[in-house]
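Trainee: I would like to learn how to read a few features of a structure like this one. Could we take them one at a time?

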Amino acid sequence: MSQQLYLSSSPHVHSGETTPSVMRAVLYSLVPACGVAVYFFGIPALSVLLIATLGCLATEVVCQRLMRQPVTIADGSAAITGVLLALNLPPTSPWWLTLLGAVIAIAVGKQVYGGLGSNPFNPALVARVVLLISFPVQMTTWSAPAPLGSGLDLVTTATPLGEWKNAVMLTGAMPAEMQGSMAGYFLGNMPGCIGEVSALALLLGAGYLFYRRILTWHIPATYVGTVVLLSGAFWLINPAKYPNPVFHLVTGGLVLGAFYMATDMVTTPVSIRGMLIFGVGCGVLTVLIRLFGGYPEGVSFAILLMNAATPLIDRYTKPRTFGTARQGGSV
Amino acid sequence: MTLGREFLKALWQNNAVFRLLLGLCPALAVTTSAENGLGMGLATTFVLVCSNIVVSSLRKVIPAKVRIPSFIVVIASFVTVVQLCMEAYFYDLYKALGIFIPLIVVNCLILGRAEAFASKNRLFPAVVDGVGMGLGFTLALFVLGSVRELFGSGALLGYSVFGPDYQPLLLMILPPGAFIAMGLLLAVMNKFDARHK
């Protein structure tokens, strides 16, 4: 024992949870999703994962050296940003695109604000949106999955959401027949970003995080619930034009966004009421962008917009301090 | 107060865009290329110098209560001159800058110098201040425009720098790129100043 007498202010009971332990748990929880990605998209997906992660770690070291701050890559936050960024890129991303994304995520998305805990926006999503706006061709070139051992090459095709939006733009109605099935979408057999394809693998990982109590239900449940309710309402109004809520759930980046990106501890509200507002806001924006926006997918924009609203939400949802009067009441 | 020091102060230490953060609307909106930045900067400089001359000359005639409307009338006249000249002689630039040419009227840098400097100083210092502030503004817009053009289209003043294989970072010539480039340039400038203090 180096220190027998420990002097500190409250709280005195500590769960033992530290930044590195939380980050490690999140990394473990992403293993299934990464595994499915490599299974469906093969070596290209693996190389995107590696380049993004190593790129983020390297950028973090360079930034912190330049700013003469202690290098904190061991806490795992940069690695998580790297993995999440890779999961948000198409499997055919060229190496320079991935690397540029990693540099933007850490340098512009995180370190310029002062590093972990100070960034207002989710770094991986910042990078994704910068890349999406800057390189629309590379960022929307999707390929159909070619499971390992099938001997297929990656073939360019549209995502289910893109397929739907295209048809609606051209004919004003749902496509007569989609290329994939709902069950296939759920398992991950659909074109899309590396990490968004398999809702099942992402839910497995999220289950582990729930078990470890790193995730709470508030944001994911309100986010997904809002998407189901709102898209369900549109579907009931006009099922010939709007896809059903299940389609919204299993395609695109909703599960990845709701469980991993919208639950980032740094960039989301801290109070329970704030989290509920945050989730509902993300859900509404996602459905609106998907159904009426210029882009087929709106999860990343929705979360970034709600990130921007987070300080305001926190301000308006301050919980009552214990021992003070309720509004209008007496103590 | 020496004129030389006043000039340098206007150009660098009190740089309109990077120090006073004045005139940000045109600085962010039109700097999609170095050429646009330069054109906007020079047009603003012309208006600034002319309005400084007139405001300084008339400073004893203009009643204090209506000074702001009077300044605006003076500025608007010169902006009209600039706009018509540009339309006649630099039509491409005129089209590129668009609505932001008439908007020079409400550039807070020009009104700010009229109010803070020209209306309180004699003619010659007012001219020096106008030239210094205007060139500082032009320099800032040129630098901002160069950085954005370099990364956003891989060129500088229209000449390709990175070759045909370069994939332009489109974001930089879109509005968010203006804010990001501006913020990073400010950081560089702060760092530079902190080191040379």
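This is a predicted model: local features need pLDDT of at least 70, side-chain atom pairs count only at pLDDT 80 or more; totals for chains, interfaces and linings use all residues.

Trainee: Where in chain B does B:V30 lie?

Mentor: B:V30 is in a loop, the one between α2 and α3 (34–57) of chain B.

Trainee: Which residues is B:V30 in contact with, once neighbours within four places in sequence are left aside?

Mentor: They are B:N36, B:G37, B:M40, B:L97 and B:F100. Take B:M40 as an example: B:V30 and B:M40 are 10 residues apart along the chain, and their C-alpha atoms are separated by 7.5 Å.

Trainee: Which residue of chain B has a positive phi although it is not a glycine?

Mentor: B:L21 does, with phi at about 50 degrees. B:L21 sits in the loop between α1 (3–13) and α2 (24–29) of chain B.

Trainee: What about chain B as a whole: how many helices and strands does it have?

Mentor: Chain B has eight helices and two strands. Read from the N terminus, the order of elements is α-α-α-α-α-α-α-β-β-α. The radius of gyration of chain B is 18 Å, close to the 16 Å that the globule rule gives for 197 residues, so chain B is as compact as a globular protein of that length. Along the principal axes, its C-alpha atoms fill a box of roughly 60 × 45 × 25 Å. Of the 197 residues of chain B, 40% count as buried.

Trainee: What share of the contacts in chain B, among residues at least 6 apart in sequence, join residues at least 24 apart?

Mentor: The share is 75%. For chain A, residues 24 or more positions apart account for 71% of the contacts with a separation of 6 or more.

Trainee: How many helices and strands are in chain A?

Mentor: Chain A has 15 helices and two strands. Its radius of gyration is 21 Å, close to the 20 Å from the globule rule for 331 residues, so chain A is as compact as a globular protein of that length. The C-alpha trace of chain A spans about 70 × 50 × 35 Å along its principal axes, and buried residues make up 47% of the 331 residues in chain A.

Trainee: Into which domains is chain A divided?

Mentor: There are domain 1 (19–138) and domain 2 (158–316). The C-alpha centres of domain 1 and domain 2 of chain A lie 21 Å apart. To read the contact between them, start with the residues on each side: 30 residues of domain 1 of chain A are in contact with 28 residues of domain 2 of chain A.

Trainee: Which helix gives the most to the side of domain 1 of chain A that touches domain 2 of chain A?

Mentor: That is α2(A), with seven residues. By class, this side of domain 1 of chain A has 23 nonpolar, six polar and one charged residues.

Trainee: How should I read burial along a helix?

Mentor: An α-helix has 3.6 residues a turn, so residues three or four places apart point the same way. Now take helix α10 (residues 199–211) of chain A, which has 13 residues and reaches 18 Å from its first C-alpha to its last, close to the 18 Å expected. The buried residues of α10(A) are A:A199, A:A201, A:L202, A:G205, A:A206 and A:L209. They cover an arc of only 165 degrees around the axis, which puts them on the same side of α10(A).

Trainee: What covers the buried residues of α10(A)?

Mentor: The cover includes α1, α2, α9 (182–187), α12 (245–250) and α13 (254–261) of chain A.

Trainee: Which residue just after α10(A) takes a positive phi?

Mentor: A:R213 does, at about 60 degrees. A:R213 is in the loop between α10 and α11 (218–237) of chain A. With 10 C-beta neighbours inside 10 Å, A:R213 counts as exposed.

Notes
Residues are numbered from 1 along each chain as its sequence is written. Chains are lettered from A and ligands numbered from 1 in the order in which they are written. Domain bounds come from an automatic or database domain assignment. Two residues are in contact if their C-beta atoms, placed from the backbone, lie within 7 Å. Helices (H or I, at least four residues) and strands (E, at least two) are DSSP runs, numbered from the N terminus. Ala, Val, Leu, Ile, Met, Phe, Trp, Tyr, Cys and Pro count as nonpolar, Asp, Glu, Lys and Arg as charged, and the others, Gly among them, as polar. The radius of gyration is taken over C-alpha atoms; the globule rule is 2.2 Å times the number of residues to the power 0.38. A residue is buried if 20 or more other C-beta atoms lie within 10 Å of its own, exposed if 12 or fewer, and partly exposed in between; C-beta atoms are placed from the backbone. The expected span of a helix is 1.5 Å times one less than its number of residues. The arc is that of the directions from the helix axis to the C-beta atoms.
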